[in-house]
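Student: I would like a close look at a single part of this model, taken slowly and with the residues named.

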Amino acid sequence: MIVRAWPLVSLPMIVAVAVAAPQAPVFRATAKTVVVDVSVSRNGRPVMGLAAADFHLADNGVPQTLVDVSQETLPIDLTVVADLSATADGSALDALRRSIGDVLGRLHPDDHASLVVFDQRIREVDVSARGLQITVDSTWTASSPARLFDAIAAALVKPLDPARRRMTIVFTEGRDQGSFLDEAELIDVASRSGVAVFIVGVTDGTARAPQPPANLPLLQHLADATGGIVAVVQRDQDLGASFVRALEDFRTSYVLRYTPAGTAAGGWHRLDVSVPRERAAEVRARKGYFDAPPASPRDEARPR
């Protein structure tokens, strides 16, 4: 299978290709294997030691036979997407740098990390440089646009390394203005990406009077569709702890592999994953994947 990728800053191209490419597949997959990340937890703690026989997976309603189940074996490709419009002053920006540093410090030597920041512009920051060089656009004001949807999409469509499990942590207050993509298009891009999206939504509310981030239903939909989770934190809370929890949640999830059987090739495949013997456990996985239809004989004969 081929995973389409777009340049990080070519947002009009993201819109044109992501929306007009209904056959773009998701998941780390070959023509014969689909790979699904599944988180299983009980009372906030991961359930360890599960085997293939413990899982039930249906592809478009058809039960599948798992060929492999593993945990904490494949390296992780982490992208952090940071909303700089949510850092109104120097202390908030310093706290964000520390929080990103906290989660980067938890990566293993064979993991990979990248950082996308945005306000009215979207850019990638070199995480290997000494000290994270994160700066707010000098022309940004409180009324400037914050291109949240485009920034998330830009992170999701980066080239896929099939040897790594991909996750994205999005730090944001949820406000979006000026994006090329709308909500439906963002969900469509995420559904095709094979990337688990974890949201850290920051709010000015208090514990006694919680105030949800903007666009919270969309953020929840985005996380649910990709097998991630939403954490809402107060602006003065420890952001780093939320980032690290997201990473550890993903690291301890299971990787399920199966060869689709009994389902038609092509189009959207709905996934249903459960662990019957762990009825009290929370099971999270992405809701499905897009599969390219089999090539026609004419396509097979066409020069490449």
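This is a predicted model: local features need pLDDT of at least 70, side-chain atom pairs count only at pLDDT 80 or more; totals for chains, interfaces and linings use all residues.

By class, how many nonpolar, polar and charged residues does the lining of the second largest pocket have?

Tutor: By class, the lining of the second largest pocket consists of nine nonpolar, five polar and six charged residues. The space in this second largest pocket comes to about 360 Å³, and of the 20 residues that line the pocket, those closest to its centre are Gly 44, Ile 229, Arg 245, Asp 249 and Arg 284. Two or more lining residues come from each of strand S1 (34–42), strand S2 (45–46), strand S10 (196–203), strand S11 (230–234), helix H6 (239–251) and strand S14 (282–285).

On the H2 side the contact is made by Leu 96, Ser 99, Ile 100, Asp 102 and Val 103, and on the H6 side by Leu 239, Gly 240, Phe 243, Val 244 and Leu 247. Sorted by class, this contact of H2 with H6 has seven nonpolar, two polar and one charged residues.

The crossing in which H4 passes H5 is right-handed, and H4 contributes Glu 183, Leu 186, Ile 187, Ala 190 and Ser 191 to the contact, while H5 contributes Leu 218, His 221, Leu 222, Ala 225 and Thr 226. By class, the contact of H4 with H5 has six nonpolar, three polar and one charged residues.

H4 packs against helix H3 (residues 148–156) as well, at an angle of about 15° and with the axes 10 Å apart, so H3 is roughly parallel to H4. The crossing of H3 and H4 is left-handed. Here Phe 149, Ile 152, Ala 153 and Leu 156 in H3 meet Glu 183, Leu 186, Val 189, Ala 190 and Ser 193 in H4, and by class this contact has seven nonpolar, one polar and one charged residues.

How values were computed: Residues are numbered from 1 along each chain as its sequence is written. Side-chain values use heavy atoms; hydrogens and water are left out. On a 1 Å grid over the protein atoms alone, a cavity is a set of points where a 1.4 Å probe fits but cannot get out, and a pocket is an open set with protein on both sides within 12 Å along at least five of seven lines; lining residues have an atom within 4 Å of a point. Grid points are joined across faces, edges and corners, and a volume is the space filled by probe spheres set on the points. Helices (H or I, at least four residues) and strands (E, at least two) are DSSP runs, numbered from the N terminus. Ala, Val, Leu, Ile, Met, Phe, Trp, Tyr, Cys and Pro count as nonpolar, Asp, Glu, Lys and Arg as charged, and the others, Gly among them, as polar. A crossing is left-handed if the near helix is turned anticlockwise from the far one by less than a right angle, and right-handed if clockwise. Contact means heavy atoms within 4.5 Å. Axes are lines fitted to C-alpha atoms, for helices over the stretch in contact, and angles run from 0 to 180 degrees between N-to-C directions. Angles under 35 degrees count as roughly parallel, over 145 as roughly antiparallel, 65 to 115 as roughly perpendicular and the rest as oblique.
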